[in-house]
Amino acid sequence: MRDRWIWTIPIAGMALALTGCNGEQSTLHVFGAEARQVRQIALILAIGAALIAVIVASLYVRAVRAPEGRLSHEQGMRLVLWVGAIGPALILGALLLYALPTMRPRSTEAGDLIIRVEGEQFWWRVAYRPADGPELASANEVRVPVGRTVIFELTAQDVIHSFWIPGLAGKMDMIPGRTNQLVVRAEKTGRYRGVCAEFCGLSHALMAFDVIAMEPAAFDAWLAEASAVVPLPAIATPGRTLFDAQGCGACHAIGGTPHKATIGPDLSRFGERMTLGAGILPPTIEAVADFIRAPQQAKPGVRMPAYPQLSDADARAIALYLKGLQ
Ligand SMILES: [Cu+2]
């Protein structure tokens, strides 16, 4: 009786762990065809592995119970040949035949939307390259139109990163000096999470991003609006004056202002981002102000200097200005 109770502990633990899962970043709740294939193969592998384990266990039980000498040496060798060599070769061969076609990249057409994403320590540089329009710079957030093919061109500036949107497709390495392609098609609108899946430095685990899958018409409208650069009004707010005076423009670009630097993330439409600091913080005024004064608190090894000399009020004023950009 006590032995049976032992089993409830790991099972309860697993149930508890599973309650921590949600659809936002999951290989099980998918919103793209590639991710569905990955899920399918994983399911087949898991069921197959469980079957093999059960078969081996029951063979073992039979072998232990059978009287000694029931199999001759020759019969034993034949058993090893079939169960140990020919069987596995057939299973692996069948799996390979099944999986090979799924490795072929989805076909693309000339007018497909290209989104270039570059991995940085520890954030994502994003550039939308529509066939019939200007390039649009962004960061730490990727919007995709549902039902259309999107070509991700992936590379990196410093070290190797890996671009992974679990609900949309498999992982793809981002390698400095090389451009890898990942062709995907989202099937469901929503907000999903992507992450860096290759250790890239101190804050590797703090390098995520949002994927926003939109209806095609809404995406087109958003892209057109975001690409139209409107100069900011001539009269500057206190936050904007501080941003200019503190030299933030040495690293950040803001559309409609003279700031064009590309060392840090583009802040042109920062106010519309759903997260702060590459998917790690809610973009509230407080969090943005804290991040500006001490970014290394939120992200060890961050490549942005701290501004401890800024008063809390000044940091909030800058945060208010940035939140207004959209
Ligand atoms: Cu990374």
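**Figure 1. The C-alpha centres of domain 1 and domain 2 lie 38 Å apart.** Six residues from domain 1 and 13 residues from domain 2 take part in the contact; two residues are in contact here if their C-beta atoms, placed from the backbone, lie within 7 Å. The chain is divided into domain 1 (31-103), domain 2 (113-227) and domain 3 (238-323), with bounds that come from an automatic or database domain assignment. Please keep in mind that this is a predicted model, in which local features need pLDDT of at least 70 and side-chain atom pairs count only at pLDDT 80 or more, while totals for chains, interfaces and linings use all residues. Residues are numbered from 1 along each chain as its sequence is written.

**Figure 2. The whole chain, with eight helices and 10 strands.** Helices (H or I, at least four residues) and strands (E, at least two) are DSSP runs, numbered from the N terminus. The radius of gyration is 26 Å, well over the 20 Å given by the globule rule for 326 residues, so the protein chain is more spread out than a compact globule. That radius is taken over C-alpha atoms, and the rule is 2.2 Å times the number of residues to the power 0.38. Along the principal axes, the C-alpha atoms fill a box of roughly 95 × 55 × 35 Å. Of the 326 residues, 27% count as buried: a residue is buried if 20 or more other C-beta atoms lie within 10 Å of its own, exposed if 12 or fewer, and partly exposed in between, with C-beta atoms placed from the backbone. Among contacts between residues at least 6 apart in sequence, 65% join residues at least 24 apart.

**Figure 3. Helix H2 (residues 33-65), a hardly covered helix.** The expected span is 1.5 Å times one less than the number of residues. How many of the 33 residues of H2 are buried? The count is one.

**Figure 4. Strand S4 (residues 141-145), largely enclosed by the rest of the structure.** Five of its five residues are buried. On one side sit Glu141, Arg143 and Pro145, on the other Val142 and Val144, and both faces are covered. S4 and strand S10 (residues 208-214) run parallel and are joined by five bridges; two strands pair if DSSP finds at least two bridges between them. Within this pairing, Arg143 stands opposite Ile212, and the bridge partner of Val142 is Val211. S10 is also joined to strand S9 (residues 190-196), this time by six bridges in an antiparallel arrangement. Gly190 has Ala213 of S10 as its bridge partner.

**Figure 5. The largest nonpolar core, with 40 residues.** Such a core is a set of buried Ala, Val, Leu, Ile, Met, Phe, Trp, Tyr and Cys residues joined through C-beta atoms within 7 Å. The residues with the most contacts inside this one are Val117, Phe152, Leu168, Met207 and Ala278. Domain 2 and domain 3 each supply at least three residues to this core. A second, separate core of 17 residues includes Leu242, Leu267, Ala317 and Ile318. Zooming in on Phe152, and leaving aside its neighbours within four places in sequence, the contacts are Ile115, Val117, Phe163, Gln181, Leu182 and Val184.

**Figure 6. Backbone details at Phe122, Asn140 and Ala278.** Gln121 and Phe122 are joined by a cis peptide bond with omega of about 5 degrees. Phe122 belongs to the loop between strand S1 (113-120) and strand S2 (123-129). Asn140, in the loop between strand S3 (136-139) and S4, has a phi near 60 degrees, a positive value in a residue other than glycine. With 24 C-beta neighbours inside 10 Å, Asn140 counts as buried. Ala278 likewise has a positive phi, near 60 degrees, and lies in the loop between helix H5 (238-245) and helix H6 (285-293). Is Ala278 buried or exposed? Ala278 counts as buried, with 25 C-beta neighbours inside 10 Å.

**Figure 7. Ser107, in the loop between helix H3 (73-99) and S1.** Ser107 is exposed, with 8 other C-beta atoms within 10 Å. Thr149 is 42 residues away from Ser107 in sequence, and the two are 8.7 Å apart in space, C-alpha to C-alpha.
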